Amino acid sequence: MDLTNSTPPAVSSAPLTLALIVASDREGRFGPVVADWFRTRLAEREDFTVTVVDLAEVDLPTSLSHDPSPAVRAELAKVSPVLADADAFVVLTPEYNHSFPASLKNLIDRHYTEWQAKPVGFVSYGGVSGGLRAVEQLRQVFAEMHAVTVRDTVSFHNAHGRFDQGGRLQDPAAAEGAAKVLLDQLGWWGRALKDAKSVRPYGS
């Protein structure tokens, strides 16, 4: 077979749509401080457009139903289209009792196809572990949702001591380097999976 005149498939160069999920809804949470820092890293990238899903602003009951009430449908309307339209996700999570928040599990369990064949990156924070135990559990959960988790993470050990009163990260070089690696990997997987799905829908 002569392949000399074959044309490679077109590859999109448009920015990927990234959903940044702020997982904690706890009163007095530290998540917005970390989220603001991470958004400054995203603002320097031209390969992503970002929408924030803040679970403290979404009132979803933990009881699941195949026929949710109008009030629950209204809350889902705030998040479900964002997840469906996203090419990639970053989950920003604390660690609560060696795991991740119930608000995040609730969001994950209420969706399925929205996660499929898309990459997920993690930014975590906590005490000694920096939230990494929560991340390791989330990898198992997202595998069940047919999502791809990228290897490298950004984690903040003893997070409250890493930022000053103005929310500025002290000694930022290592975290900035980790964020670049995470976003580079997320961009590669996001582009690869998006291009693959344009040729063959996932599951076919």
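At 0% relative accessibility, Ser-124 counts as buried, a label that applies under 20% relative accessible area, with exposed meaning over 50% and partly exposed in between, for a 1.4 Å probe and protein chains only. Ser-124 sits in strand β4, where strands (E, at least two residues) and helices (H or I, at least four) are DSSP runs numbered from the N terminus. Beyond its neighbours within four places in sequence, Ser-124 is in contact (heavy atoms within 4.5 Å) with Thr-93, Gly-130, Gly-131, Leu-132, Val-135, Val-154, Ser-155 and Phe-156. The model is a predicted one, in which local features need pLDDT of at least 70 and side-chain atom pairs count only at pLDDT 80 or more, while totals for chains, interfaces and linings use all residues. Residues are numbered from 1 along each chain as its sequence is written, and side-chain values use heavy atoms, with hydrogens and water left out.

Gly-126 belongs to the loop between β4 and α4 (132-144). Not counting residues up to four places away in sequence, Gly-126 touches Gly-131, Phe-156, His-157, Asn-158 and Ala-159. Between the C-alpha atoms of Gly-126 and Pro-32, which are 94 residues apart along the chain, the separation is 14 Å.

Within α1, the buried residues are Gly-31, Val-34, Ala-35, Trp-37, Phe-38, Arg-41 and Leu-42. They cover an arc of only 165 degrees around the axis, which puts them on the same side of α1, the arc being that of the directions from the helix axis to the C-beta atoms. The cover over these buried residues includes β1 (16-22), β2 (48-54), β3 (88-94), β4 (119-125), β6 (154-156) and α5 (173-199).

A nonpolar core is a set of buried Ala, Val, Leu, Ile, Met, Phe, Trp, Tyr and Cys residues joined through side-chain atoms within 4.5 Å. The largest such core has 29 residues, of which Ile-21, Leu-104, Trp-115 and Phe-142 touch the most other members. Two or more residues of this core come from each of β1, α2 (70-85), β3, α3 (102-109), β4 and α4. Apart from it lies another core, of 27 residues, including Val-34, Val-123, Phe-156 and Ala-159. Phe-142, with neighbours within four places in sequence left aside, is in contact with Val-91, Ile-108, Trp-115, Val-120, Phe-122, Ala-147 and Thr-149.

His-146, in the loop between α4 and β5 (148-149), has a positive phi of about 65 degrees although it is not a glycine, and with a relative accessible area of 32% His-146 is partly exposed. Asp-171, in the loop between β6 and α5, likewise has a positive phi, near 50 degrees, in a residue other than glycine; at 69% relative accessibility, Asp-171 counts as exposed.

Taken as a whole, the chain has five helices and six strands, which run β-α-β-α-β-α-β-α-β-β-α from the N terminus on. Among contacts between residues at least 6 apart in sequence, 82% join residues at least 24 apart, and buried residues make up 45% of the 204 residues.
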